[in-house]
Amino acid sequence: MLQQLREKVTSWVGIAVLGVAIFVFSFFGIEGYFSTQADTFAAKVNGQEISQQDLQTQMNQMRQRARQNNPDADQSQFSTPEFKRQVLEGLINRELLRQANEELGVAVSNDMIRQQIAAIPAFQINGRFDPDTYKAVLGQMGLTPIEFQQRVRQDIATSALPDMINDTALAPDAEVAAFLRLTRQTRDVSWVTLPKPPLDDTTVTDAQIKAWYDAHPEEFAVPETVSVHYVELKADDMTSNAQPTEEAIKAQYEREKAKFTTPEQREVSHILVSVPDNATPAQQKAALAKAKKIEAELKAGADFAALAKKDSDDLGSKRLGGDLGWIEKGVTDPAFESALFAMKKGEVSEPVLSPEGYHIIWLRDVRPGKTKPLAEVRDQLSKELTASSREAQFREIGGKLTDMIYSNPGSLDRVAEKLGLKVQTSQPFSREGGPGIAANPAVVRMAFSDQVLKQDMTSDPVNVSSDDMIVMHLAHHKAASTKPLAEVKAKIKSDILAKRTETQAQKQAKALLASLGKDKTLQAIAEDAGAEVKTQDALTRMSREAPPPLLAAIFKMPQPTAKAPSRTLVDMGNGRYALVSLRAVHPGDPAEAPAAQRQTIAMQLQQLRASAEQRGLVDILRRNAEIVYPKNAGGAQGPDNPS
């Protein structure tokens with residue numbers, strides 16, 4: 001093909017075409033032929049862009065959280081257009097809430113941000129915030145502290161309005177009572193379970209069996225299966241014989257001393273009187289006057305928590321009476337920190353000015369710092385060093401294993417022999433998985449990949465976890481097939497007869513239901529069928545006196561009238577039916593419910609109402625917003641921008 005291209009280009013026709021092309025490119029630019037006009041944003045919300053990078057970052061974070069919560073989950077679901085659209089709509093809703101919060105002027109203080117960050121477990125050592133760990137984790141995420149703090153600020157701003165809705169949602173006593181009347185309702189009912197009728201026709205011909213076989217191929221399918229030879233490398237199996245020396249343990253202790261050190265912590269509450277950005281002298285003076293007034297009230301004996309709930313401008317802590325929890329050095333504003341760590345337990349400070357405004361600080365308690373001695377943590381450090389040695393050995397052998405299978409992808413035997421690993425063979429398994437290593441979806445996907453199944457090559461390493469690696473080679477493959485008719489003939493005959501029984505039983509039961517209340521009673525039907533009428537008064541939703549399918553049907557039946565009971569037919573499965581007569585419905589008495597139960601129900605109803613109101617708020621914001629999706633979004637227009 002390349003030779004043909006050369007011949008065409010060197011011909012006079014090729015030279016002429018190239019000449020025209022060069023002329024065109026010189027005037028219009030070659031990039032115009034290889035690029036298209038594409039929008040770079042994922043969506044615009046009232047003119048504010050959500051970037052493609054924001055969308056990708058959020059998708060990656062959701063994938064990562066899903067892997068952490070369920071490592072065996074099918075990850076392909078996170079590559080679908082539906083997942084991408086779901087994430088984008090969530091970002092749009094967040095941006096709408098952030099804009100609404102900003103418009104209402106709800107402040108997000110720096111103290112709220114610091115408090116939120118300090119509570120994140122990833123930034124803690126032994127349950128305490130560690131600045132070095134914080135910086136290291138952010139570095140791994142590719143974020144600066146300023147960028148991360150901005151994200152946290154946005155998250156708090158996004159949740160501010162929903163939190164307010166949660167705080168104000170109510171579950172009136174009347175709703176709780178109505179819920180209890182319904183859930184504690186009882187029913188008086190009678191029923192008879194009809195026996196299976198004898199079959200009129202038990203003859204099954206070969207033609208009928210063949211027709212059933214042809215109509216239900218999925219019942220007789222034998223799935224495709226594979227078995228694989230594999231080697232598994234685990235960090236736990238590494239044989240690190242070298243015990244850590246005392247010098248190594250001491251050096252590790254010095255490096256990680258901060259991990260074993262509890263810094264001094266102070267339990268603090270505050271009241272914030274905010275000062276607007278670019279405040280005028282008059283505004284600053286008014287804020288200071290308000291702060292001094294609060295200080296005077298406190299020193300005169302006023303309740304700090306009550307004043308914080310009434311007067312503090314810090315949205316995050318005012319609901320808690322100004323409580324900021326335990327604080328250590330390095331996590332608050334310098335002015336705030338300086339004042340706090342100069343105070344004595346029980347003192348209330350004068351107004352302290354920070355970029356957010358004036359703080360009145362109450363130091364409630366002090367925990368002195370301390371460091372665990374080496375003797376107390378020697379065993380822990382020894383185990384950590386041993387584990388670290390095993391992990392290093394795992395990485396070293398894992399790297400050799402990877403290099404060797406890429407250079408010799410036709411077999412596992414030589415690789416296993418050189419690295420001292422054992423070649424194992426799995427049981428056959430299908431694409432749905434199986435026992436042992438086949439319980440891991442990633443292993444199953446690799447086993448059925450073209451690389452293993454069709455090219456007969458050793459697989460790429462499959463990381464079962466961060467310290468567990470599997471490499472496999474095809475041992476045996478069995479294509480999907482269908483069981484022969486002769487093998488399943490007896491089962492098909494049984495299925496045909498069972499279907500006839502079910503059809504006949506349903507027909508009989510419907511006829512008896514039609515006669516019930518007209519010319520026959522439930523007792524008469526039971527006597528004719530050789531069955532027994534069962535009667536249960538005050539049947540509850542949790543009762544065990546009735547089988548589950550029957551109980552579910554009873555509580556879905558309409559209420560009886562004064563003239564006649566409510567009647568229905570219930571499929572009990574396996575060709576059995578029950579005729580049911582509902583005689584009375586009794587509402588539950590809310591007064592009989594324990595106080596703890598009523599309180600729990602009130603909280604649940606409150607949460608349900610809050611969730612509904614939050615969705616309603618977002619719906620209103622969306623209806624009144626201008627949401628624009630990019631024109632190059634593959635034709636997937638948004639619900640708020642259909643055109």
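The following conversation discusses the predicted model of one protein chain.

Reader: What kind of model is this, and how are residues numbered?

Author: The model is predicted, so local features need pLDDT of at least 70 and side-chain atom pairs count only at pLDDT 80 or more, whereas totals for chains, interfaces and linings use all residues. Residues are numbered from 1 along each chain as its sequence is written, and side-chain values use heavy atoms, with hydrogens and water left out.

Reader: How many helices and strands are there?

Author: The protein chain has 23 helices and 22 strands. These are DSSP runs numbered from the N terminus, with at least four residues of H or I for a helix and at least two of E for a strand.

Reader: What is the radius of gyration of the chain?

Author: The protein chain has a radius of gyration of 37 Å, while a compact globule of 643 residues would have one near 26 Å. The radius is taken over C-alpha atoms, and the globule rule is 2.2 Å times the number of residues to the power 0.38. Along the principal axes, the C-alpha atoms fill a box of roughly 100 × 90 × 75 Å.

Reader: What share of the residues is buried?

Author: Of the 643 residues, 37% count as buried. Buried means under 20% relative accessible area, exposed means over 50%, and partly exposed lies in between (1.4 Å probe, protein chains only).

Reader: Let us turn to the sheets. What is the strand order in the sheet that holds S1?

Author: The order is S2-S1-S22, in an open sheet of three strands with antiparallel pairing. Strands S2 (48-51) and S22 (627-628) are at the edges with a single partner strand each, so one side of each has no neighbour in the sheet. Two strands pair if DSSP finds at least two bridges between them.

Reader: How many bridges join S1 to S2?

Author: Four bridges join strand S1 (residues 41-45) to S2, and the two run antiparallel. Lys44 has Glu49 in S2 as its bridge partner.

Reader: Which helix lies across these strands?

Author: Helix H4 (residues 52-69) lies across S1 and S2, at about 50 degrees to S2. Such axes are lines fitted to C-alpha atoms, for helices over the stretch in contact, and the angles run from 0 to 180 degrees between N-to-C directions.

Reader: And what about the sheet of four strands? What is its order?

Author: That open sheet has the order S10-S9-S12-S11, again with antiparallel pairing. S10 (323-328) and S11 (352-354) stand at its edges; each has a single partner strand, so one side of each lacks a neighbour in the sheet. On average, neighbouring strands are turned by 45 degrees against each other, direction ignored. Strand S9 (residues 265-274) pairs with S10 over five bridges, and Glu267 stands opposite Trp326 in S10.

Reader: What sits over the ring of Trp326?

Author: The charged end of Arg367 does, 3.8 Å from the ring centre. The rule asks for NZ of Lys or CZ of Arg within 6 Å of the ring centre and within 35 degrees of the ring normal. Arg364 lies over the face of Trp362, at 6.0 Å from the ring centre.

Reader: Changing topic, how many aromatic pairs are there?

Author: The count comes to eight aromatic pairs. Rings of Phe, Tyr and Trp (its six-membered ring) pair if their centres lie within 6.5 Å; planes under 30 degrees apart are stacked, over 60 edge-to-face, and the rest tilted. One of the pairs is Phe129 with Tyr134, which is tilted, at 5.5 Å centre to centre and 55 degrees between the planes.

Reader: Is Tyr134 buried or exposed?

Author: Tyr134 is buried, with a relative accessible area of 8%. Tyr134 also forms an edge-to-face pair with Phe148, at 6.2 Å and 65 degrees. That pair links distant parts of the chain, 14 residues apart: Tyr134 is in helix H7 (residues 131-141) and Phe148 in helix H8 (residues 145-168). Phe148 is buried at 10%, and Phe129 is buried at 11%. Together, Phe123, Phe129, Tyr134 and Phe148 form one aromatic cluster.

Reader: Finally, where is His476, and what does it touch?

Author: His476 is found in strand S17 (residues 468-478). Leaving aside residues up to four places away in sequence, His476 touches Thr225, Val226 and Ser227, where contact means heavy atoms within 4.5 Å. At 49% relative accessibility, His476 counts as partly exposed.
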